[in-house]
4 protein chains.
Amino acid sequence: MKDCHILLIKCADRQGLIANITGVLFRHSINVVVMKEFVEPETNTYFSRLELLGPLDVELIKTELLNTLPADTKLMIHPRRKKDIVVLVTKEHHCLGDLLVRHHFDELHANIKAVIGNYDVLKNFTERFDIPFHHIDHELYDKEEFEARVIDAIQQYHPDYIVLAKFMRILSGNFVAKFEEKIINIHHSFLPAFIGANPYRKAYERGVKLIGATAHIVNNDLDEGPIITQKTIPVDHEHDVKGMREAGHEIEKSVLADALKLVFDDRIFVMNNKTIIFN
Amino acid sequence: MKDCHILLIKCADRQGLIANITGVLFRHSINVVVMKEFVEPETNTYFSRLELLGPLDVELIKTELLNTLPADTKLMIHPRRKKDIVVLVTKEHHCLGDLLVRHHFDELHANIKAVIGNYDVLKNFTERFDIPFHHIDHELYDKEEFEARVIDAIQQYHPDYIVLAKFMRILSGNFVAKFEEKIINIHHSFLPAFIGANPYRKAYERGVKLIGATAHIVNNDLDEGPIITQKTIPVDHEHDVKGMREAGHEIEKSVLADALKLVFDDRIFVMNNKTIIFN
Amino acid sequence: MKDCHILLIKCADRQGLIANITGVLFRHSINVVVMKEFVEPETNTYFSRLELLGPLDVELIKTELLNTLPADTKLMIHPRRKKDIVVLVTKEHHCLGDLLVRHHFDELHANIKAVIGNYDVLKNFTERFDIPFHHIDHELYDKEEFEARVIDAIQQYHPDYIVLAKFMRILSGNFVAKFEEKIINIHHSFLPAFIGANPYRKAYERGVKLIGATAHIVNNDLDEGPIITQKTIPVDHEHDVKGMREAGHEIEKSVLADALKLVFDDRIFVMNNKTIIFN
Amino acid sequence: MKDCHILLIKCADRQGLIANITGVLFRHSINVVVMKEFVEPETNTYFSRLELLGPLDVELIKTELLNTLPADTKLMIHPRRKKDIVVLVTKEHHCLGDLLVRHHFDELHANIKAVIGNYDVLKNFTERFDIPFHHIDHELYDKEEFEARVIDAIQQYHPDYIVLAKFMRILSGNFVAKFEEKIINIHHSFLPAFIGANPYRKAYERGVKLIGATAHIVNNDLDEGPIITQKTIPVDHEHDVKGMREAGHEIEKSVLADALKLVFDDRIFVMNNKTIIFN
């Protein structure tokens, strides 16, 4: 959508906020195409996301809004645009394949600038789509050096987001801090069940009748970040671990794709390790 | 929620509508707890539903809003309150049972004033919940007389809504016109598939792998009214017609309950035979 | 289905088992209506469930089958029949209400002999369906005495199964041992996520996007027994704890009903804390 | 699974069938790994699918089984193997992309021998996966000639199955007859709702709250063939036709992939325009 801006607002709730916000926009003849809001009741915090149509002076609108809104207001306004991303992988192809096909046909709402793998098994596949692939072997370096090289590879592309498409290395707090709220991971379980390694093995041993997948924003605690999307599908006693894994792959790629659509269109707020999603 | 009013607005869309609406409310110090909006793109029609907190002068607010909004505006404002309903049934108990239990524990957001049946098989069951049951036998009268008697029975309760909880008689246009957009039906298929009688038999013969249920507002055309909620569940070749019917009952009651929750809380607009739902 | 017997077999797998089993039945002119099997690959254990039609001499068939099958064989054969059950509740009505309505219309495939509550809030409701209600107040006795009284109340009905329909007291190992694999519980989370008390509060705090319910067989470890059925439904940031609880009630009763249908029709084997289900 | 054979049997049901079948296999020391059966009650027809392990003389087993089974028996026995397929497309890439990625990583249980398109827009994409693409322009020929050329292109590959991955030309009865029960189609609606062209437009106009996809075997009647798999997903008033189409693409590819997994592993019987599926 051309000439469209996204406006995100977070502030303490009080009477008249909507009138304040829309009053400023009205005076500047800005058309509000979509407006979604939420007041978080425990902290009394107001969140809203607006899509604005027509030419507008971003700095002016920002200033006027900040003048009329509470002192603590966090506000972001920018043109709606495709995001630049870098994808990290290990050996599994299903999420990467899904992203590359969507990207190839311009359906991802993002530009995949590069793929980085700690193995090279997905190099040939990635390059078939004319996307550069960086192989950084985690066995050649200690963890710090490995991460430094990954960070270097990432930063040359200045991505808006980093997507962990089944990247099976645990990232250090240092790494995560460099890209705060900018790393999206797909975990192959219905979190918080089966945190950590081998969730399908654990699911099999527990005898669950559903398996799940969870896309979340990465923070310092393994598999503990704010959840964006989750899905489950039925399994039964005929599913061994391999059968669960295969069934799970189907929802992993779908859950990740759904989450990225929300992330890339600026539809997510994070608060207290939870997400508020305007879809 | 005490002291809560619901405000529903439908009008032609134009720039500044939200500022106009919230400006009026702000001037009267009315707190907007929730505000949901939608602009229907084909007709450029604006819809919104607001929950307002605090005491307010309904007539004054209404007048001021109408003064500031487009000439064609349809506006409704009233206190949030439980609705009065009459339930029509034939022989099947699953939807009625679900409604009576919810009502008994005050979870229906409605008062069931009476149940009317064209058979009496559900009379004893209904009365166990201290709800009056009217048996009006459709075999004793011609259709016109039958409907007149049902209308009489209904009207003594002045219900806000009439719920067809598996009422298996087709209502005349005359009947429907008396209660425009006030009759809610549950149909035992995924409409528009399998309109009319015996949908499970038809579903069985077609060999579908999902069966569905649809709650809709009743209009003059059989099973053609605006759809509120729908669900499907898997079936397979081991389901005969009876098995499909039993499986279907589970979603029929759930689909009807979900729809009624939306209807009774004034969350539905109808436009061009479709529903706009703010949930 | 009259004159129908259920045959359940568990034994070490080996070549020719099916030929052995069906050979015996064929020689006695017994019609196998349905036969379902599974070989558990880690332990190489064979499970099967057969529905047999026509009159048969249970002891004779049992003897001949045991003669032809491996020495470790566990075998059960009995007429298909409705089960007798006792239901335990605390204060919440949604699961009990669902069970009582199904029972009233003879859809539960079980006879509810009595309801036992540690509060009396569901007494009047239960009695509307002509089912005896025993109030055993857990505050009047210590845990041992309380459980002894509950066991006494249960045992006068000689139930096949005990259904915990939101019974919020933790049962001792002693209690559970008395009714091995005969107690069915509904837990209000997607186990193993949110074991123990207040799962909706925990789900809310974790910010999950799905909530779940799990029906399982009770063993000594809290919420760790073999899982029968599970479901999840979507939630979002607009669901507070109360909203999650209300949404969850809808699947709790449905998950429990699905599980009981399987249990009451002898469709479940337990092995290594997991269920094998022939549905 | 090496040394695995699939045995499919269809015949009139009678007492002792399972004993007859497993008796033959037992005498030849053939291990039955999995055995699934179904008796269709309206026609009293017996269906079963067995997975047999170990070396076996196909012709001998076939002869002995036919000798012991009813005269009308249809029986198929062959080694479990990957199928050869040809994929037909028009312009949409989502189903093709999904199939090509699965095929590339050897997850499709089939060899894609070629892709045929009535447009050439997917040629470059297909060839990136080293799969030949035949462009046969339907505008250059009349329907008969067009189909003759497509048939020629298909037949040079001797495929087991033809997959219509959003192929938007209606096939003649003549074409379908050449590949009886060998053509699999994905239709972008929940059949039988919205048969024919533009189902998303029709779904939008009807105001449905779920949209669906259906994979089916193609017969002479448009969108009327035996259904293999179906799925639905929720939509609401914010979905315009384009939004429904995008949402629908997600389930179209998943429904087609699920169906093909069943087809390629010989898990489907067709009877009276319905499928019996042993999964």
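Residues are numbered from 1 along each chain as its sequence is written, while chains are lettered from A and ligands numbered from 1 in the order in which they are written. Because the model is predicted, local features need pLDDT of at least 70 and side-chain atom pairs count only at pLDDT 80 or more, whereas totals for chains, interfaces and linings use all residues.

Between chain A and chain C, 24 residues of chain A are in contact with 24 residues of chain C, a contact being assigned if the C-beta atoms of two residues, placed from the backbone, lie within 7 Å. On the chain A side, strand 11 (227–234) and strand 13 (274–277) each supply at least two residues; helices (H or I, at least four residues) and strands (E, at least two) are DSSP runs numbered from the N terminus. By class, the side of chain A that touches chain C has 11 nonpolar, seven polar and six charged residues, where Ala, Val, Leu, Ile, Met, Phe, Trp, Tyr, Cys and Pro count as nonpolar, Asp, Glu, Lys and Arg as charged, and the others, Gly among them, as polar. The contact between chain D and chain A takes nine residues from each chain. Helix 3 (94–104) and helix 8 (241–264) of chain D are the elements that give two or more residues to the chain D side, and helix 3 of chain D provides the largest share, three residues. The side of chain D that touches chain A comprises three nonpolar, four polar and two charged residues.

The largest nonpolar core holds 320 residues, among which A:Ala165, B:Ala165, C:Ala165 and D:Ala165 touch the most other members; such a core is a set of buried Ala, Val, Leu, Ile, Met, Phe, Trp, Tyr and Cys residues joined through C-beta atoms within 7 Å. A residue is buried if 20 or more other C-beta atoms lie within 10 Å of its own, exposed if 12 or fewer, and partly exposed in between, with C-beta atoms placed from the backbone. When residues up to four places away in sequence are not counted, B:Ala165 touches B:Val87, B:Leu88, B:Val89, B:Cys95, B:Leu96, B:Leu99, B:Ile186 and B:Leu256. Helix 3 (residues 94–104) of chain B is mostly covered, nine of its 11 residues being buried, and these include B:Cys95, B:Leu96 and B:Leu99. The cover over the buried residues of helix 3 of chain B includes strand 5 (83–89), strand 6 (110–117), helix 4 (123–127), strand 9 (183–187) and helix 8 of chain B, together with helix 3 (94–104) of chain C. Just after helix 3 of chain B, a positive phi of about 60 degrees is taken by B:Asp106.

In chain A, helix 1 (residues 17–27) and helix 2 (residues 58–68) pack at an angle of about 150 degrees, with their axes 10 Å apart, the axes being lines fitted to C-alpha atoms, for helices over the stretch in contact, and the angles running from 0 to 180 degrees between N-to-C directions. Helix 1 of chain A is therefore roughly antiparallel to helix 2 of chain A, since angles under 35 degrees count as roughly parallel, over 145 as roughly antiparallel, 65 to 115 as roughly perpendicular and the rest as oblique. The contact is made by A:Asn20, A:Ile21 and A:Val24 of helix 1 and A:Ile61, A:Glu64, A:Leu65 and A:Thr68 of helix 2 of chain A, and these residues divide into four nonpolar, two polar and one charged. In chain B, helix 7 (residues 199–206) and helix 8 (residues 241–264) pack at an angle of about 120 degrees, with their axes 9 Å apart, which means that helix 7 of chain B is oblique to helix 8 of chain B. This contact joins B:Tyr200, B:Arg201, B:Ala203 and B:Tyr204 of helix 7 to B:Val241, B:Met244, B:Arg245 and B:Gly248 of helix 8 of chain B.

In chain C, C:Lys274 is found in strand 13 (residues 274–277) and counts as partly exposed because 18 C-beta neighbours lie inside 10 Å. Leaving aside neighbours within four places in sequence, C:Lys274 is in contact with A:Gly207, A:His237 and C:Pro226.
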